[in-house]
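Thanks, everyone. I'll take the ligand site and then one of the sheets. Please have the viewer open.

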Amino acid sequence: MKANQDFEVIIIGGSYAGLSAGMALGRSLRKVLIIDSGKPCNRQTPHSHNFITQDGKAPGVIAAEAKRQVEQYDTVMFYDGLASGGAKTESGFRIKTESGDTFSGRKLIFATGVSDLMPDIPGFSECWGISVLHCPYCHGYEVRNEATGILGNGETGYDFSKLISNWTKDLTLFTNGKSTLSRDQTEKLGEHGITIAEAEIEALTHKKGRIENIVFKGGAQQPVRAMYARVPFVQHCEVPAQLGCELTELGHIKVDAMQKTSIPGVFACGDSTTMMRSVANAVATGNFAGAVVNSELIQEAF
Ligand SMILES: Cc1cc2nc3c(=O)[nH]c(=O)nc-3n(C[C@H](O)[C@H](O)[C@H](O)COP(=O)(O)OP(=O)(O)OC[C@H]3O[C@@H](n4cnc5c(N)ncnc54)[C@H](O)[C@@H]3O)c2cc1C
């Protein structure tokens with residue numbers, strides 16, 4: 001890949017959202033560069049679910065097939081590496097990579113996802129995406145009716161417990177310290193047979209990411225087959241912030257209904273923009289962003 005080239009569109013992030021935008025733009029005859037550092041958030045998950053036609057396939061298999069299809073469009077080029085800097089220019093934007101290459105584009109699409117921050121509990125990150133789960137729509141069916149934990153407290157822990165009770169009745173809410181649920185919430189969980197365990201968690205024991213026990217400080221253990229957790233996150237890519245793209249209160253890139261960020265000419269899609277994290281949504285928003293960018297380029301040139 002030759003550096004210092006000019007593109008109509010630079011897409012940063014070449015996973016589901018970025019490839020989907022790339023396909024829409026390739027099919028619109030646009031000269032596009034997709035820069036990708038190869039670290040999608042679901043890379044530790046053995047099987048991806050709930051995306052029609054691809055249910056149960058390995059995440060990497062889905063992404064590789066998507067890339068193979070986008071590569072068919074010869075105006076779309078790929079660059080393996082990290083975009084580390086961005087600046088506004090007279091005609092658009094300049095993107096610099098970690099290896100020092102520079103590219104310019106009239107429009108930018110960020111499909112860079114988020115980085116999940118693992119809590120300081122030994123065993124947690126090894127189980128992430130395998131038996132410690134972020135979403136029941138993605139993985140709940142596979143562990144239905146199993147002994148399941150939820151790591152959470154207060155309003156979030158209560159809401160998550162309510163949701164997960166759809167998939168299993170053998171449910172414990174681990175508050176990892178004193179419960180902050182209201183008395184009504186505690187009673188309601190009790191009515192549904194959901195136990196609350198307040199002991200502090202020392203570690204998770206597991207075999208190759210398959211959780212076996214929650215170990216509490218003091219040594220007591222509780223066996224579970226799955227645990228759900230909502231972990232904090234940060235934007236995977238710092239370039240939108242460098243360019244001045246506004247973030248929402250929750251930390252997503254702020255976009256309007258057309259996937260436009262607060263900076264004209266800069267678009268974003270996929271996980272970086274929403275708490276609705278799924279391959280289907282990443283593909284849908286990427287596809288739409290691609291069409292909107294193409295339409296904006298037509299409007300400007302016609
Ligand atoms: C553990 C786990 C399991 C999941 N399981 C499922 C499931 O079963 N079914 C389902 O539908 N959804 C699942 N999801 C959600 C799904 O994985 C995401 O919604 C989806 O990956 C989002 O796609 P994306 O393209 O927006 O971001 P990502 O897939 O996270 O990809 C972002 C890409 O951008 C690249 N990137 C970031 N910054 C830069 C930069 N500066 N320069 C270059 N490249 C950069 C990254 O390397 C990465 O390749 C799961 C999520 C997690 C965390």
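How far does a polar side-chain atom of Ser37 lie from an oxygen atom of the ligand? The distance is 2.7 Å. Keep in mind that this is a predicted model.

A polar backbone atom of Gly38 is 3.3 Å from an oxygen atom of the ligand. For Ser278, a backbone N or O atom lies 3.0 Å from a ligand oxygen. As for burial, the ligand taken alone exposes 1,000 Å², and the protein buries 99% of that.

Now the shell. The ligand is surrounded by 37 residues, and the closest are Ser15, Asp36, Ser37, Lys39 and Asp271. Sorted by class, the shell has 18 polar, 14 nonpolar and five charged residues. Which elements supply at least two shell residues each? Those are α1, residues 16–26, β2, residues 32–36, α4, residues 136–139, and α8, residues 279–301.

On to the sheet. It is open and consists of three strands in the order β12-β13-β14, with antiparallel pairing. At the edges sit β12, residues 201–207, and β14, residues 221–223, each of which pairs on one side only. From one strand to the next, the twist averages 25°.

How many bridges join β12 and β13? There are six, in the antiparallel sense, and β13 covers residues 210–216.

Key. Residues numbered from 1 in each chain as written. Predicted model: local features only at pLDDT ≥ 70, side-chain atom pairs only at ≥ 80, totals over all residues. Heavy atoms only, no water. Near = heavy atom within 4 Å. Polar contact = N/O pair within 3.5 Å; in protein donor to acceptor, adjacent residues only side chain to side chain. Areas by Shrake-Rupley, 256 points an atom, 1.4 Å probe, with all protein chains shown as cover. Helix = DSSP H or I, 4+ residues; strand = E, 2+ residues; numbered from the N terminus. Nonpolar A, V, L, I, M, F, W, Y, C, P; charged D, E, K, R; others polar. Pairing = 2+ DSSP bridges. Axes fitted to C-alpha atoms, helices over the stretch in contact; angles between N-to-C directions.
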